Amino acid sequence: MSHSPVKQPDIRPVREQDRSTIDGVIAAAFDGTDEVALVRKLAADGDIVLELLAEIDGKIAGHILFSRLWVEQSGNRLAAVALAPLAVSPEMQRTGLGSALVEAAHKLLVQQGEVLSIVLGDPAYYGRFGYSVADAAGLESVYPAQYLQAKHLTNTATLAPLQGKLIYASAFGEN
(Lines give C-alpha, C1' and ligand atoms only; values in the text may rest on other atoms or scores of the structure.)
Protein backbone atom coordinates (compact mmCIF):
# COMPACT_ATOMS: atom_id res chain seq x y z
CA MET A 1 0.00 0.00 0.00
CA SER A 2 1.46 3.37 -0.94
CA HIS A 3 1.40 6.20 1.56
CA SER A 4 0.42 9.03 -0.73
CA PRO A 5 -0.90 12.27 0.72
CA VAL A 6 -4.51 11.93 1.79
CA LYS A 7 -7.29 14.37 1.24
CA GLN A 8 -7.61 17.17 3.75
CA PRO A 9 -8.70 15.75 7.11
CA ASP A 10 -11.55 17.19 9.12
CA ILE A 11 -9.90 18.37 12.35
CA ARG A 12 -12.22 19.08 15.26
CA PRO A 13 -12.40 19.07 19.05
CA VAL A 14 -12.93 15.72 20.76
CA ARG A 15 -16.45 14.91 21.95
CA GLU A 16 -17.18 12.51 24.80
CA GLN A 17 -18.76 9.98 22.41
CA ASP A 18 -15.41 9.82 20.51
CA ARG A 19 -13.53 8.34 23.49
CA SER A 20 -13.74 4.63 22.73
CA THR A 21 -12.80 5.13 19.06
CA ILE A 22 -9.89 7.38 20.09
CA ASP A 23 -8.75 4.69 22.56
CA GLY A 24 -8.48 2.28 19.63
CA VAL A 25 -6.51 4.71 17.46
CA ILE A 26 -4.07 5.48 20.31
CA ALA A 27 -3.63 1.80 21.23
CA ALA A 28 -2.92 0.91 17.58
CA ALA A 29 -0.52 3.83 17.08
CA PHE A 30 1.49 3.02 20.21
CA ASP A 31 1.01 -0.76 20.10
CA GLY A 32 -0.24 -0.77 23.70
CA THR A 33 -2.56 0.87 26.18
CA ASP A 34 -0.26 3.04 28.37
CA GLU A 35 -1.09 6.18 26.34
CA VAL A 36 -4.81 5.30 26.39
CA ALA A 37 -4.67 5.24 30.20
CA LEU A 38 -2.77 8.54 30.20
CA VAL A 39 -5.40 10.25 28.02
CA ARG A 40 -8.24 8.84 30.14
CA LYS A 41 -6.61 10.08 33.37
CA LEU A 42 -5.84 13.54 31.93
CA ALA A 43 -9.51 13.81 30.90
CA ALA A 44 -10.80 12.58 34.27
CA ASP A 45 -8.52 15.01 36.13
CA GLY A 46 -9.54 18.01 34.00
CA ASP A 47 -5.94 18.65 32.91
CA ILE A 48 -6.58 18.81 29.14
CA VAL A 49 -5.91 22.23 27.59
CA LEU A 50 -6.60 21.21 23.99
CA GLU A 51 -7.62 17.91 22.42
CA LEU A 52 -8.32 17.43 18.73
CA LEU A 53 -8.98 14.55 16.40
CA ALA A 54 -8.68 14.11 12.66
CA GLU A 55 -11.36 12.38 10.64
CA ILE A 56 -11.06 11.15 7.08
CA ASP A 57 -14.32 10.19 5.40
CA GLY A 58 -15.99 10.28 8.81
CA LYS A 59 -13.51 7.84 10.36
CA ILE A 60 -11.27 8.94 13.25
CA ALA A 61 -7.68 8.49 12.09
CA GLY A 62 -5.65 10.74 14.39
CA HIS A 63 -5.61 12.40 17.82
CA ILE A 64 -3.53 15.06 19.60
CA LEU A 65 -3.65 16.21 23.20
CA PHE A 66 -2.06 19.07 25.11
CA SER A 67 -2.24 19.06 28.91
CA ARG A 68 -1.43 21.77 31.43
CA LEU A 69 2.23 21.93 32.38
CA TRP A 70 3.96 24.36 34.70
CA VAL A 71 7.49 25.72 34.57
CA GLU A 72 8.50 26.50 38.15
CA GLN A 73 11.10 29.24 38.45
CA SER A 74 12.18 30.46 41.90
CA GLY A 75 8.69 30.26 43.36
CA ASN A 76 6.87 31.51 40.26
CA ARG A 77 4.96 29.29 37.87
CA LEU A 78 4.72 29.87 34.14
CA ALA A 79 1.77 28.14 32.49
CA ALA A 80 2.75 25.97 29.54
CA VAL A 81 1.35 22.96 27.71
CA ALA A 82 2.71 19.46 27.16
CA LEU A 83 2.08 17.76 23.82
CA ALA A 84 1.36 14.10 24.64
CA PRO A 85 0.26 11.99 22.99
CA LEU A 86 0.10 12.48 19.23
CA ALA A 87 -1.40 9.36 17.64
CA VAL A 88 -2.16 8.46 14.04
CA SER A 89 -3.69 5.11 13.10
CA PRO A 90 -0.98 2.87 11.58
CA GLU A 91 -2.52 2.79 8.10
CA MET A 92 -2.55 6.62 8.01
CA GLN A 93 1.00 7.20 9.28
CA ARG A 94 3.40 9.01 6.93
CA THR A 95 0.55 10.74 5.11
CA GLY A 96 0.85 14.20 6.72
CA LEU A 97 -2.03 13.61 9.13
CA GLY A 98 0.14 14.05 12.24
CA SER A 99 1.59 17.28 10.83
CA ALA A 100 -1.91 18.60 10.08
CA LEU A 101 -2.94 17.89 13.69
CA VAL A 102 0.15 19.59 15.18
CA GLU A 103 -0.22 22.68 12.98
CA ALA A 104 -3.96 23.06 13.63
CA ALA A 105 -3.41 22.62 17.37
CA HIS A 106 -0.62 25.22 17.50
CA LYS A 107 -2.90 27.80 15.84
CA LEU A 108 -5.66 27.13 18.38
CA LEU A 109 -3.23 27.24 21.32
CA VAL A 110 -2.02 30.68 20.21
CA GLN A 111 -5.65 31.84 19.95
CA GLN A 112 -6.22 30.54 23.50
CA GLY A 113 -3.27 32.63 24.74
CA GLU A 114 -0.82 29.80 25.39
CA VAL A 115 2.85 30.84 25.10
CA LEU A 116 4.94 27.70 25.47
CA SER A 117 4.66 24.05 24.42
CA ILE A 118 6.90 21.19 25.57
CA VAL A 119 7.20 17.81 23.87
CA LEU A 120 9.15 14.66 24.56
CA GLY A 121 9.86 12.96 21.26
CA ASP A 122 11.99 12.58 18.17
CA PRO A 123 13.80 15.90 17.51
CA ALA A 124 13.89 15.16 13.77
CA TYR A 125 10.10 14.93 13.71
CA TYR A 126 9.12 17.70 16.12
CA GLY A 127 11.89 20.04 14.97
CA ARG A 128 9.95 20.69 11.77
CA PHE A 129 7.25 22.39 13.88
CA GLY A 130 9.71 24.68 15.67
CA TYR A 131 10.40 22.52 18.72
CA SER A 132 14.00 22.73 19.88
CA VAL A 133 16.18 20.67 22.22
CA ALA A 134 18.37 23.76 22.72
CA ASP A 135 15.38 25.84 23.88
CA ALA A 136 14.60 23.19 26.51
CA ALA A 137 18.20 22.85 27.73
CA GLY A 138 17.60 25.01 30.82
CA LEU A 139 14.57 22.99 31.95
CA GLU A 140 14.72 20.38 34.69
CA SER A 141 12.80 17.23 33.85
CA VAL A 142 12.71 13.57 34.80
CA TYR A 143 12.68 12.81 31.07
CA PRO A 144 15.81 12.36 28.88
CA ALA A 145 17.19 15.74 27.79
CA GLN A 146 17.95 14.59 24.23
CA TYR A 147 14.20 14.16 23.61
CA LEU A 148 12.90 17.14 25.60
CA GLN A 149 12.00 20.05 23.33
CA ALA A 150 10.36 23.44 23.72
CA LYS A 151 8.49 25.69 21.31
CA HIS A 152 7.56 29.30 21.94
CA LEU A 153 4.05 29.74 20.56
CA THR A 154 4.32 33.54 20.50
CA ASN A 155 7.04 36.01 19.51
CA THR A 156 10.24 34.97 21.25
CA ALA A 157 12.19 38.22 20.82
CA THR A 158 11.43 39.40 24.36
CA LEU A 159 11.70 36.06 26.14
CA ALA A 160 14.67 35.17 28.30
CA PRO A 161 16.12 31.67 28.01
CA LEU A 162 13.84 29.07 29.53
CA GLN A 163 14.81 27.86 32.96
CA GLY A 164 12.98 26.04 35.70
CA LYS A 165 11.54 22.71 36.72
CA LEU A 166 8.77 21.12 34.65
CA ILE A 167 5.69 20.16 36.66
CA TYR A 168 3.52 17.81 34.62
CA ALA A 169 -0.14 16.94 35.26
CA SER A 170 -0.48 14.18 37.88
CA ALA A 171 -1.53 11.65 35.19
CA PHE A 172 2.12 11.50 34.10
CA GLY A 173 2.99 10.10 37.54
CA GLU A 174 6.41 11.69 37.96
CA ASN A 175 5.72 14.59 40.32
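How do the residues of the lining of the largest pocket divide into nonpolar, polar and charged? They split into 20 nonpolar, 6 polar and 3 charged. Here Ala, Val, Leu, Ile, Met, Phe, Trp, Tyr, Cys and Pro go down as nonpolar, Asp, Glu, Lys and Arg as charged, and the others, Gly among them, as polar.

Before we go on, keep in mind that this is a predicted model: local features need pLDDT of at least 70, side-chain atom pairs count only at pLDDT 80 or more, and totals for chains, interfaces and linings use all residues. Residues are numbered from 1 along each chain as its sequence is written, and side-chain values use heavy atoms, with hydrogens and water left out.

Back to the largest pocket, whose volume is about 660 Å³. Grid points are joined across faces, edges and corners, and the volume is the space filled by probe spheres set on the points. The largest pocket is lined by 29 residues, and the closest to its centre are Phe30, Leu86, Ala87, Tyr125 and Tyr126. Helix 1, helix 2 (34-45), strand 4, helix 3, strand 5 and helix 4 each give two or more residues to this lining. Strand 4 supplies the largest share, 7 residues. By the way, helices (H or I, at least four residues) and strands (E, at least two) are DSSP runs, numbered from the N terminus.

Strand 4 has another thing to show you. Pro85 sits in strand 4, and the peptide bond that joins Ala84 and Pro85 is cis, with omega at about -5°.

Now find helix 3. Helix 3 has 15 residues and spans 22 Å from its first C-alpha to its last, close to the 21 Å expected at 1.5 Å a residue (the expected span is 1.5 Å times one less than the number of residues). Which residues of helix 3 are buried? They are Leu97, Gly98, Ser99, Ala100, Leu101, Val102, Ala105, His106 and Leu109. Buried means under 20% relative accessible area, exposed means over 50%, and partly exposed is in between (1.4 Å probe, protein chains only). An α-helix has 3.6 residues a turn, so residues three or four places apart point the same way. The buried residues of helix 3 pack against strand 1 (10-13), strand 2, strand 3, strand 4, helix 4 (123-126) and strand 7 (148-152), where contact means heavy atoms within 4.5 Å. Just after helix 3, Gly113 takes a positive phi of about 90°.

Next come the salt bridges, each a side-chain nitrogen of Lys or Arg within 4 Å of a carboxyl oxygen of Asp or Glu. How many are there by this rule? The count is 9. In one of them, Glu51 pairs with Arg19, with the closest N and O atoms 2.7 Å apart. This pair links distant parts of the chain, as Glu51 is in strand 2 (residues 48-56) and Arg19 is in helix 1 (residues 19-30), 32 residues apart. Both Glu51 and Arg19 are buried.

Arg19 also turns up beside Ala43: leaving aside residues up to four places away in sequence, Ala43 touches Arg19 and Ile48. Ala43 is part of helix 2 and is partly exposed, at 31% relative accessible area.

Another salt bridge joins Glu114 and Arg68 (2.8 Å, N to O). Glu114 lies in the loop between helix 3 and strand 5 (116-120) and Arg68 in strand 3, so the pair ties together parts 46 residues apart in sequence. Glu114 is buried because its relative accessibility is 8%, whereas Arg68, at 22%, counts as partly exposed. Salt bridges that share partners also join Arg12, Asp18 and Glu55 into one network.

Finally, look at two loops. Asp31, in the loop between helix 1 and helix 2, has a phi near 55°, a positive value in a residue other than glycine. Asp31 counts as exposed because its relative accessibility is 74%. Ser74 is in the loop between strand 3 and strand 4, and its phi is near 35°, again positive in a residue other than glycine. With 77% relative accessibility, Ser74 counts as exposed too.

Key: 1 Å grid on protein atoms, 1.4 Å probe; cavity = no way out; pocket = protein on both sides within 12 Å on 5 of 7 lines; lining within 4 Å.
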